[in-house]
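This report describes a structure for a reader who has not seen it before.

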Amino acid sequence: MSTATLPTPVRRHRFGDLLAAEWLKFWSLRSIPWVLGLATLLVVAADLKSAQYTHDHYTPGDGDPAVMAQVALDDSFITASADILMLVGGGLGAIVIAGEYATGLIRTTLAAVPDRRAVLLAKAAVLTAVLLGFGTVTAGVSFGLTQAILADRGIGQSLSDPTALRYVAAAALFAPVCGLVGLCLGTLIRHSAGAVVGTVVVLFFLPSLVTERYRWTADLLHALPFPAWQRLARITLAGMRPTDYPATVAGAWTTYGVWALASVAIATVVIQRRDH
Amino acid sequence: MIEVNELTKRYGRRTAVDRLTFTVRPGHVTGFLGPNGAGKSTTLRMALGLNDPTSGTVTVDGRAFRGLPRGLREVGALLDAGDVHGGRTGVAHLRVLARSNAIPRGRVEEVLAEVGLTDAAGRRIGGYSLGMKQRLGIAGALLGDPPVLLFDEPLNGLDPEGVLWVRGLFRRLAAEGRTVFVSSHMMAEMEHTADRLVVIGRGRLIADESLTEFAARAGRAAVTVRAAEPERLTAVLRAAGAEIRPGPDGSLDVTGLDAGRIGELALEQRLLLYALTERGASLEEAFMELTADSVEYLAGEPR
């Protein structure tokens with residue numbers, strides 16, 4: 001019978017095939033585009049509302065220009081927007097792997113691709129790409145629309161300003177960082193709901209448990225993803241309550257990088273060692 | 001070819017697989033039999049590199065499966081029909097698998113047609129019956145046109161037509177020179193599917209032989225006789241060395257003499273026979289007898 005033989009000659013496998021497979025897998029669940037689309041709308045709407053408020057209540061020329069630039073940028077990506085990105089990014093990251101464990105699909109996946117590290121890296125790469133796109137679209141569209149509203153009050157910011165660019169980049173990159181943390185916890189916990197709860201605890205609640213009062217706790221706090229985003233979103237310290245152990249921008253970028261890389265590294269080691 | 005060598009898996013103090021050694025050869029459908037909890041699934045998972053053995057090895061065509069970069073062209077496997085995501089469509093599930101192994105997309109349509117799922121391919125797997133999921137799993141195993149195929153309880157949930165189809169498929173795959181290894185806890189399923197058997201109980205090897213050899217273990221064949229004067233016939237046959245057990249309807253269950261000899265004796269004594277039926281040894285009985293000591297979960301009182 002013809003089905004016994006493959007119609008075309010066997011092509012050597014490539015990592016790109018795994019990326020394509022994980023990409024297909026990611027988008028073949030109906031809920032995913034909905035979650036990303038609705039989250040984008042929600043963030044943009046919340047930011048627009050904030051910008052409109054500033055627009056309606058600000059008299060041009062008032063206030064320190066540096067502080068007003070901060071106000072304008074904060075309207076482009078309010079804290080609630082960061083919370084939504086954290087939830088969606090972390091949640092999706094947790095689900096893409098915990099969902100495979102919860103359904104048993106992971107066994108089918110690993111029986112097809114015994115190279116577990118390659119499977120995990122492909123998953124991490126696709127997740128990072130999708131969430132970076134999501135973060136960039138969300139933060140970018142929000143920035144464009146909100147600054148256009150604020151422009152006629154004279155405080156609209158431009159991406160040609162390095163601090164504004166940093167502000168938007170910090171927001172866009174926050175989603176994939178949270179996603180990779182979710183991926184790591186999803187690999188560890190293997191249970192969809194448990195993985196999402198674990199991710200929320202680490203990303204949301206851990207920062208509120210740590211004080212900035214002592215040197216070592218301040219260091220610990222600044223090494224968490226959400227406080228790192230907060231630092232990167234702070235372009236001026238004018239108008240801020242001074243602290244003894246302030247966070248640095250370089251430290252915040254490092255925090256992003258270390259959480260992302262460590263998450264992938266831990267997940268890779270765990271998936272290699274475990275029975276499935 | 002699958003080579004299992006001194007394979008052992010312990011979970012804490014429980015030994016799931018205990019120094020198993022056997023070989024599954026190409027060109028045959030080999031049944032992998034054992035009661036529930038005998039270690040069949042654990043063995044298959046180790047063969048697929050999903051679980052690491054505590055000690056010992058299992059290789060597929062001479063190599064450890066876990067060391068391979070991609071699997072579908074080497075081994076096609078259906079471990080559990082439920083190992084899918086219910087939110088995906090059947091065709092999406094197979095396309096992901098095919099893509100991960102650089103298998104052309106057209107192959108997905110081929111295997112869907114092969115298992116009879118073409119019409120259901122666009123529906124989400126969550127709405128499939130167990131039988132349809134089994135078919136989808138079999139389609140996935142066939143994707144890479146592999147020389148070795150592993151199936152864990154593939155007949156579960158299939159309708160009678162599906163069971164016939166699967167048997168035909170397994171035989172065809174074996175006839176093409178592939179290694180086909182099929183687990184089951186039901187002898188009756190294997191009797192018409194496999195031509196070789198590997199039987200395990202409590203993780204240990206009990207038998208590794210052809211179906212014919214296994215059948216020979218099933219004890220002597222018996223002859224059922226119905227006679228006009230069962231008491232006289234009993235005496236005659238006992239005198240000739242037979243063992244006789246009275247059946248429920250006045251028939252006699254005779255072992256130790258074949259049907260021809262019983263007929264001769266009856267004729268010599270001018271005894272009228274109504275029926276003389278040879279009954280082959282039951283594989284099911286042989287299987288039950290062999291595994292009786294190694295049944296993990298026994299219903300009823302403790303033995």
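## Domains of chain B

Chain B is divided into domain 1 (2–216) and domain 2 (222–280); such bounds come from an automatic or database domain assignment. Between the C-alpha centres of these two domains of chain B the distance is 46 Å.

The model is predicted: local features need pLDDT of at least 70, side-chain atom pairs count only at pLDDT 80 or more, and totals for chains, interfaces and linings use all residues. Residues are numbered from 1 along each chain as its sequence is written, while chains are lettered from A and ligands numbered from 1 in the order in which they are written.

## A sheet in chain B

Four strands of chain B make an open, antiparallel sheet ordered E11-E12-E10-E13. Strands (E, at least two residues) and helices (H or I, at least four) are DSSP runs numbered from the N terminus, and two strands pair if DSSP finds at least two bridges between them.

Strands E10 (residues 222–227) and E12 (residues 252–255) of chain B run antiparallel and are joined by three bridges. Val225(B) has Leu252(B) in E12(B) as its bridge partner. Helix H8 (residues 230–239) of chain B packs on the sheet and touches E10, E11 and E12 of chain B. Helix H9 (residues 259–268) of chain B also packs on the sheet, touching E10, E12 and E13 of chain B. Contact requires C-beta atoms, placed from the backbone, within 7 Å.

Note on methods
Contact = placed C-beta atoms within 7 Å. Axes fitted to C-alpha atoms, helices over the stretch in contact; angles between N-to-C directions.
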